[in-house]
Amino acid sequence: MKSQIKDILELAKEILEIPSPTGYSEKIIPFLISKIESMKLDYEVTPKGNLLIHLKGHDSSKHVALSAHTDTLGLMVRSIQTDGTLKVTTLGGIIVPTLDGEYCHVITRDNSMISGTILYQSPSSHVYKDANSGVREVEKMMVRLDETVKNKDDVHCLGIQNGDIIAIDPKTIITPSGFIKSRFLDDKISVAILLSILDYAKCSQQKPKYDTTFIISTYEEVGHGTAWIPSTITEMIAVDMGCIGDDLACTEYDVSICAKDSSGPYDREMISSLKDMAVLKSLNHVIDIYPMYGSDVSAALRGGANIKGALIGPGVMASHGMERTHADGVEATFELIKSYLNIE
Ligand SMILES: [Zn+2]
């Protein structure tokens with residue numbers, strides 16, 4: 001693995017360790033700002049909480065954008081039960097059966113973190129006939145807190161209330177064989193790629209071709225991440241995970257260029273041009289359609305942005321479950337973005 005790509009994976013691990021279920025960005029955005037400030041780059045935070053980083057280009061006649069989302073899937077406390085366990089509701093479209101047995105933290109209103117485990121309502125095979133066969137749906141899942149709680153009042157005493165965020169442990173591991181396996185590679189691997197592009201451009205003293213805004217969005221998983229973008233932007237690429245599975249062409253070693261998702265086709269000219277750039281650099285790449293997907297470009301278009309849009313990203317296997325991608329897919333994405341920005 002190239003050291004530059006290893007650094008991206010290590011940065012991704014750092015980002016993954018900061019909980020940021022959609023609707024809770026108060027730790028992750030300050031962390032990302034500290035990185036941007038250390039690079040001495042211009043940035044702003046929108047009222048909604050998206051982070052925008054502005055780079056001057058060689059040519060200011062056009063303003064383009066790249067986005068990645070830092071919000072993840074998660075859970076929220078639905079109610080506190082009489083036995084001191086928590087009923088939950090989902091934040092975004094997580095694969096609920098994969099949550100059975102996962103460790104988590106409840107984040108209270110005063111930012112205490114209380115550890116627990118997500119379990120099916122019949123969690124013991126010595127007691128419940130349906131411990132194996134029961135359908136793991138969200139209404140039948142609970143959180144068992146790692147505190148001495150025997151009733152509702154005990155839970156309230158910890159500061160836990162309905163509506164508290166529950167962050168699921170990402171369990172990030174980088175293997176010697178070049179894989180990064182973790183929850184929420186969608187889309188924190190792309191956030192790490194974009195930060196690394198900014199760092200690379202800064203260190204090599206290169207400007208992008210056009211004025212470019214990097215958007216780190218905070219509500220993508222619920223569909224409105226970049227519903228607003230600055231009106232001067234005329235072209236945007238969402239950098240988000242590539243889909244893998246069924247009859248799709250993508251693998252974890254590729255950068256995926258999306259031709260169409262649930263929101264419809266992406267800009268044909270941009271797709272062709274990204275494809276040409278990938279061919280020119282001999283990057284592992286595929287063009288695919290994503291059967292069930294929407295991106296921040298979809299959100300911007302629905303929000304009324306007058307832009308051409310594309311969607312690219314490293315192939316991520318088992319998305320919204322226990323995800324995995326490979327250094328090769330990350331490298332291909334990194335290189336394709338460099339080509340798009342016209343930096344060497
Ligand atoms: Zn995503």
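This is a predicted model: local features need pLDDT of at least 70, side-chain atom pairs count only at pLDDT 80 or more; totals for chains, interfaces and linings use all residues.
Me: Where does Lys-62 sit?
Reply: Lys-62 is in strand S3, which spans residues 59-69.

Me: What does Lys-62 touch, leaving out residues up to four places away in sequence?
Reply: Tyr-210 and Thr-234. Tyr-210 is 148 residues from Lys-62 in sequence, yet their C-alpha atoms are 5.8 Å apart in space.

Me: Switching to the open sheet of 3 strands. What's the order?
Reply: S10-S11-S19, paired antiparallel. Strands S10 (173-174) and S19 (323-326) are the edges, each pairing on one side only.

Me: How many bridges between S10 and S11?
Reply: S10 pairs with S11 (residues 179-182) over 2 bridges. Ile-173 has Lys-181 of S11 as its bridge partner.

Me: Which helix lies across S11 and S19?
Reply: Helix H4, residues 185-203, and it runs at about 30° to S19.

Me: And H1 with H7, what's the crossing angle?
Reply: Roughly 100°, with the axes of H1 (residues 3-16) and H7 (residues 327-341) coming within 10 Å. H1 is therefore roughly perpendicular to H7.

Me: Which residues make that contact?
Reply: Ile-5, Ile-8 and Leu-9 on the H1 side; Ala-327, Val-330, Glu-331 and Phe-334 on the H7 side.

Me: What's the breakdown by class?
Reply: The contact of H1 with H7 has 6 nonpolar residues, 1 charged and no polar.

Note on methods: Residues are numbered from 1 along each chain as its sequence is written. Helices (H or I, at least four residues) and strands (E, at least two) are DSSP runs, numbered from the N terminus. Two residues are in contact if their C-beta atoms, placed from the backbone, lie within 7 Å. Two strands pair if DSSP finds at least two bridges between them. Axes are lines fitted to C-alpha atoms, for helices over the stretch in contact, and angles run from 0 to 180 degrees between N-to-C directions. Angles under 35 degrees count as roughly parallel, over 145 as roughly antiparallel, 65 to 115 as roughly perpendicular and the rest as oblique. Ala, Val, Leu, Ile, Met, Phe, Trp, Tyr, Cys and Pro count as nonpolar, Asp, Glu, Lys and Arg as charged, and the others, Gly among them, as polar.
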